[in-house]
Amino acid sequence: MKAIITFHSIDQSGSVLSYPPEKFVTLLESLSRSGIPVLSLDKLLLRDVNKGIAITFDDGMKSVFTEGLPVLQDFNMPAHLYLTTGAVGKSNQWSTQPACAPNFDMLNWDEIEKLQAGGVYIDSHTNNHPDMRMLSLAEIEDECETADELIKKRLGRHPQYFAYPYGYKNDQVCEFARNRYKATVTTAFRVLNSNEDYAKLPRLDAYYLQPEWLIKNLNSTLSRGYLSLRGLIRTVRGKQ
Ligand SMILES: [Zn+2]
């Protein structure tokens, strides 16, 4: 099994963007016992690697530092953070955010530096978290250039990977991302197959990875069936 898991916030609120801290511990514990290695995207995406999980966080909520990092360090596991640079030190109430979206405090640069030092790769999620389908090519370039330059300036590393805000994309955006980044992730819910388009990598949203039996047996036949069914339901509902 090869898969990329999406988290946003690690907290107890029960929101659609939240994953409970104690389940985060249980999930990492069972992964470390399962024999499925937790890898960086560089390693996971090597063609000859056929087993592994990559952990990713979108947006840059503060709890990635307060709740996520200590657990990742306990298990010595890498992760990637897709950072929305314009929200650093603020909240997630950017202009395209639906009114019903839960409110979160975001990381500041000091915390982001500590995340990087602790083994979290800081990658790109634009500057303003726009619906990129609505942007001209010049605006797409501006969003990515601003975010990537800021990350490079503050952290000394150019982002290698990208996540489409809300998973929204069209041919123009995918083509741009394909030329600019090593790989780009979406919100399509499934595990990786052997011949993925690196501009449209699927992920497993952690929100659906909460049942205890699933967390503890992620690679079982039953779990694989559950994950396929969940992906099918999301596709039918048009949430990709
Ligand atoms: Zn996002």
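This is a predicted model: local features need pLDDT of at least 70, side-chain atom pairs count only at pLDDT 80 or more; totals for chains, interfaces and linings use all residues.
User: Why is Ala138 called exposed?

Analyst: The cut-off for exposed is over 50% relative accessible area. Ala138 has a relative accessible area of 52%, so Ala138 counts as exposed. Ala138 lies in helix α5, which covers residues 137–155.

User: How far apart are the C-alpha atoms of Ala138 and Ile4?

Analyst: The separation is 30 Å, and along the chain the two residues are 134 residues apart.

User: Is Ser63 buried or exposed, and how do you know?

Analyst: Buried means under 20% relative accessible area. The value for Ser63 is 10%, so Ser63 is buried. Ser63 belongs to helix α3, residues 63–75.

User: What does Ser63 touch, not counting residues up to four places away in sequence?

Analyst: Ser63 touches Ser9, Ile10 and Gly68. A contact requires heavy atoms within 4.5 Å.

User: What makes Thr85 count as buried?

Analyst: Thr85 has 4% relative accessibility, and the limit is under 20%, so Thr85 counts as buried. Thr85 is placed in the loop between β5 and α4. Leaving out residues up to four places away in sequence, Thr85 touches Trp109, Thr126, Asn127, Ala147, Leu150 and Ile151.

User: Why is strand β6 said to be largely enclosed by the rest of the structure?

Analyst: Strand β6 spans residues 120–124, and four of its five residues are buried, so the strand is largely enclosed.

User: How do you know that β5 and β6 pair?

Analyst: Two strands pair if there are at least two bridges between them. Strand β5 (residues 79–83) and β6 have five bridges, so they meet that condition. Their pairing is in the parallel sense. Tyr82 stands opposite Asp123 in β6.

User: What makes strand β8 mostly covered?

Analyst: Strand β8 runs over residues 183–189, and six of its seven residues are buried.

User: How do you know that β8 pairs with β7 and with β9?

Analyst: The condition is again at least two bridges. Strand β7 (residues 161–163) is joined to β8 by three bridges, so these two strands pair. β7 and β8 run parallel, and Phe162 has Thr184 in β8 as its bridge partner.

User: Which helix makes a β-α-β unit with β7 and β8?

Analyst: That helix is α6 (residues 171–180), and the unit is right-handed.

User: How do you know where empty space is left?

Analyst: A probe the size of a water molecule is rolled over the atoms, and this shows where space remains.

User: How many residues line the largest pocket, and which lie nearest its centre?

Analyst: The lining has 28 residues, with His8, Val16, Leu17, Tyr166 and Asp205 nearest the centre. The space in the largest pocket is about 790 Å³. At least two lining residues come from each of β4 (52–59), β8 and β9. β9 gives the most, with three residues. By class, the lining of the largest pocket divides into twelve nonpolar, nine polar and seven charged residues.

User: What is the volume of the second largest pocket?

Analyst: The second largest pocket has a volume of about 160 Å³. It is lined by 13 residues, and Lys2, Val49, Asn193, Ser194 and Asn195 are the closest to its centre. Six of the lining residues of the second largest pocket are nonpolar, four polar and three charged.

User: How many cavities of 30 Å³ or more does the structure hold?

Analyst: The structure holds one. In the largest cavity there is about 50 Å³ of space. A probe fits in a cavity but cannot get out, whereas a pocket is open.

User: Which residues line the largest cavity?

Analyst: Among them are Thr6, Phe7, His8, Ser9, Val16 and Leu17. β1 (2–7) and β3 (18–19) each supply at least two residues of this lining. By class, the lining of the largest cavity has six nonpolar, four polar and one charged.

Notes
Residues are numbered from 1 along each chain as its sequence is written. Side-chain values use heavy atoms; hydrogens and water are left out. Buried means under 20% relative accessible area, exposed over 50%, partly exposed in between (1.4 Å probe, protein chains only). A crossover is right-handed if, with the strands pointing away from the viewer, the path from the first strand over the helix to the second runs clockwise. On a 1 Å grid over the protein atoms alone, a cavity is a set of points where a 1.4 Å probe fits but cannot get out, and a pocket is an open set with protein on both sides within 12 Å along at least five of seven lines; lining residues have an atom within 4 Å of a point. Grid points are joined across faces, edges and corners, and a volume is the space filled by probe spheres set on the points. Ala, Val, Leu, Ile, Met, Phe, Trp, Tyr, Cys and Pro count as nonpolar, Asp, Glu, Lys and Arg as charged, and the others, Gly among them, as polar.
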